[in-house]
Amino acid sequence: MLKIGICDDDIAFGCQIEGYLKHYAQKENMEVETVVFISGEEYANYLQKESVLDILFLDIDFGKKMDGVTVGRMIRSDLSNEATQIVYVSSKESYAMQLFQNRPMDFLLKPVKEKDIERIMNEYKRIFSGKKMFFEFHIGKTSYRIAADGIIYFQCIGKKIQIVMNSGDKKEFYGGMSEVERQVDRDRFWVLHKSYIANINYISEFRIDEVVMATGDILPISRANRKKIQEKLLNMNMARRNF
């Protein structure tokens with residue numbers, strides 16, 4: 001299911017975009033959950049309690065402290081979230097160049113038509129279909145959803161899984177490594193040991209029996225997994241040479 005946010009102080013416009021998205025989801029037989037925010041502050045408060053979004057349609061000028069550029073900077077820089085795709089919306093075309101630093105997926109000029117939303121959604125499906133952008137888990141009755149790009153490694157500690165993130169935070173939930181393996185992209189997350197699964201983007205050094213993470217943490221490679229890791233490394237190096 002896709003979680004999509006619409007952040008705009010014009011309630012009528014937000015409802016219009018929500019209607020376009022629901023119509024698209026019905027036509028494409030997709031599960032889509034939409035959330036409408038009327039300010040950047042409201043969206044920031046949502047992030048304190050809820051999971052991250054797949055797509056955020058974000059107005060630029062709210063006329064308040066937290067405008068769309070500030071919200072985009074919070075997503076990319078403060079939260080290190082590259083998974084949420086930002087689609088900026090504005091009635092002023094001159095804003096477009098100011099948004100580059102927040103790496104938006106697209107920019108829509110108001111008034112927005114239904115065909116514009118269809119184009120954005122089709123492009124999202126084309127680029128991200130099949131990619132596992134998020135990891136989901138439960139703590140008690142609360143569901144969490146975090147961007148996979150921000151996960152450095154998973155560690156199994158007894159009956160719990162600890163997630164070490166690039167923000168410096170750590171999350172723990174009851175579960176097993178088999179549950180983690182089912183969810184993650186196995187091209188990006190490598191099984192090093194029965195107790196460790198690491199994001200290769202954060203591995204700074206490979207050794208025969210261990211890896212050094214960007215954090216300085218040293219994770220063991222079990223004897224059973226050493227051959228697999230060496231084969232993966234060889235294939236990765238071959239692919240880079242061919243490229």
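A residue counts as buried when its relative accessible area is under 20%, as exposed when it is over 50%, and as partly exposed in between (1.4 Å probe, protein chains only). Keep that scale in mind for the tour.

What you have open is a predicted model, in which local features need pLDDT of at least 70 and side-chain atom pairs count only at pLDDT 80 or more, while totals for chains, interfaces and linings use all residues. Residues are numbered from 1 along each chain as its sequence is written, and side-chain values use heavy atoms, with hydrogens and water left out.

**Stop 1: Ser 39**

Select Ser 39, in the loop between β2 (32–37) and α2 (40–49). Helices (H or I, at least four residues) and strands (E, at least two) are DSSP runs, numbered from the N terminus. Is Ser 39 buried or exposed? Ser 39 is buried, because its relative accessible area is 8%. Now show its side chain, which reaches the backbone nitrogen of Glu 42 at 3.0 Å.

**Stop 2: α1 and α4**

Next, select residues 11–28 for helix α1 and residues 114–128 for helix α4. Two packed helices are described by the angle between their axes and the distance between the axes. Here the angle is about 55° and the axes are 10 Å apart, which makes α1 oblique to α4. (Axes are lines fitted to C-alpha atoms, for helices over the stretch in contact, and angles run from 0 to 180 degrees between N-to-C directions; under 35 degrees is roughly parallel, over 145 roughly antiparallel, 65 to 115 roughly perpendicular, and the rest oblique.)

Which residues meet here? From α1 come Ile 17, Tyr 20, Leu 21, His 23, Tyr 24, Lys 27 and Glu 28, and they meet Glu 114, Ile 117, Glu 118, Met 121, Asn 122 and Lys 125 of α4; contact means heavy atoms within 4.5 Å.

**Stop 3: Asn 29**

Move on to Asn 29, in the loop between α1 and β2. Asn 29 has a positive phi of about 55°, although it is not a glycine. Asn 29 counts as exposed because its relative accessibility is 73%.

**Stop 4: Arg 103**

Now pick Arg 103, in the loop between β4 (85–90) and β5. Arg 103 is not a glycine, yet its phi is positive, at about 50°. With 41% relative accessibility, Arg 103 counts as partly exposed.

**Stop 5: Pro 111**

Finish at Pro 111, in the loop between β5 (106–109) and α4. What joins Lys 110 and Pro 111? Look for a cis peptide bond, with omega about 0°.

Definitions and conventions. A polar contact is a pair of N or O atoms within 3.5 Å; within protein, one must be able to donate a hydrogen and the other to accept it, and residues adjacent in sequence count only if both atoms are side-chain atoms.
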